[in-house]
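Subject: Structure handover

Hello,

Here is the structure you asked for. My notes follow below it.

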Amino acid sequence: MARFHNSKTKVFVKPIVKKQQQQQQQPNVDHITGNKIPKSFVFSRGKLPGPLRQLQMDLRKLMLPYTALKLKEKKRNNLKDFLNVAGPMGVTHFLILSKTETSPVLRVAKTPQGPTLTFKIHEYSLAVDIAQSQLRPRCPQDLFKNPPLIVLSGFAAADEQLRLTTMMFKNIFPDIDINTVKLSSCQRIVLLNYNKDTKLIDFRHYSIRLQPVGVSRRIRKFVQNHQVPDLRNLQDSGLWIRKRS
């Protein structure tokens, strides 16, 4: 979705708080792993042009379900306002978009005391543009019901800033227990790929689905359409065929 450059690491930029209209009270602790669930606010500082406002909404959808999708912002709000609300609501991270004279900027902050990572956005694509370019865009109703999987590539270097970036993005999404996770709930992936030559990070958001492999196309469609019969109470498949006929 975006490509940005980690220009520098700042100490902490006090985040903000606005009126949030989230109807349901979400849990703060995962009942399976016992770990605290990271939550986020995505908002802007300063006036944003139309495409960047749409990018802000795309980021909010990316962070679902543990973010405030309909977060309200007012000009008089400052970072301290957001920080005051973040604690009681269990918000752990801020994603802050702004526009400078040269380029857009994304700041990713850990509340309440940092650190804050500052990225310069070199180029980006909006979700609506990507969907329009696809023949069959995939967006089921429950796509944003569960958080995405996070995949980091190219961050193996011993550079301190890269290690900090790795920790920040690893902790911005909930942990997944591979022993209990339902594969059907894994419908999205967030991929961050660091290019050591250009010093740029590719930030991409994918919609995925499970698909049988090693079988013919006809059988794959048969399985995907949930037409596999329950054979537990049958002695052999021939009996099922006779019953079907």
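In α1, the buried residues are L52, L55, Q56, D58, L59, R60 and L62. Buried means under 20% relative accessible area, exposed means over 50%, and partly exposed is in between (1.4 Å probe, protein chains only). Helices here are DSSP runs of H or I with at least four residues, strands are E runs of at least two, and both are numbered from the N terminus.

Before going on, two notes on the source. This is a predicted model: local features need pLDDT of at least 70, side-chain atom pairs count only at pLDDT 80 or more, and totals for chains, interfaces and linings use all residues. Residues are numbered from 1 along each chain as its sequence is written, and side-chain values use heavy atoms, with hydrogens and water left out.

Helix α1 covers residues 50–62, 13 residues in total. From first C-alpha to last it reaches 19 Å, close to the 18 Å expected at 1.5 Å a residue. That expected span is 1.5 Å times one less than the number of residues.

Helix α4 covers residues 160–170, and its buried residues are L162, T165, T166, M168 and F169. Seen down the axis of α4, these fall within an arc of 165°, so they line one face of the helix. The arc is taken over the directions from the helix axis to the C-beta atoms. E160 and M167 are exposed, on the other side of α4. At the start of α4, a side-chain oxygen of D159 comes to within 2.9 Å of the backbone nitrogen of Q161.

**Overall**

The protein has 6 helices and 8 strands. Along the sequence they run β-β-α-α-β-β-β-α-β-α-β-β-α-α. Of its 245 residues, 33% count as buried. Take contacts between residues at least 6 apart in sequence: 69% join residues at least 24 apart. Contact means heavy atoms within 4.5 Å.

**Aromatic pairs**

A search of the whole structure finds 7 aromatic pairs. Rings of Phe, Tyr and Trp (its six-membered ring) pair if their centres lie within 6.5 Å; planes under 30 degrees apart are stacked, over 60 edge-to-face, and the rest tilted.

The ring centres of F41 and F82 are 6.3 Å apart and the planes stand at 75°, so this pair is edge-to-face. F41 lies in strand β2 (residues 40–45) and F82 in helix α2 (residues 79–89), so the pair ties together parts 41 residues apart in sequence. F41 and F82 are both buried.

F155 and Y194 have ring centres 5.9 Å apart and planes at 40°, so that pair is tilted. F155 is in the loop between β6 (149–153) and α4, while Y194 is in strand β7 (residues 188–195), so parts 39 residues apart in sequence are tied together. F155 and Y194 are buried.

One aromatic cluster is formed by F41, F43, F82 and F94.

K99 is partly exposed, with a relative accessible area of 39%.

Leaving out residues up to four places away in sequence, K99 touches K47, L48, L52 and P104. With neighbours within four places set aside, S98 is in contact with R45, L48, P104 and V105. The C-alpha atoms of K99 and P49 are separated by 8.5 Å, 50 residues apart along the chain.

Best wishes

Technical notes
A polar contact is a pair of N or O atoms within 3.5 Å; within protein, one must be able to donate a hydrogen and the other to accept it, and residues adjacent in sequence count only if both atoms are side-chain atoms.
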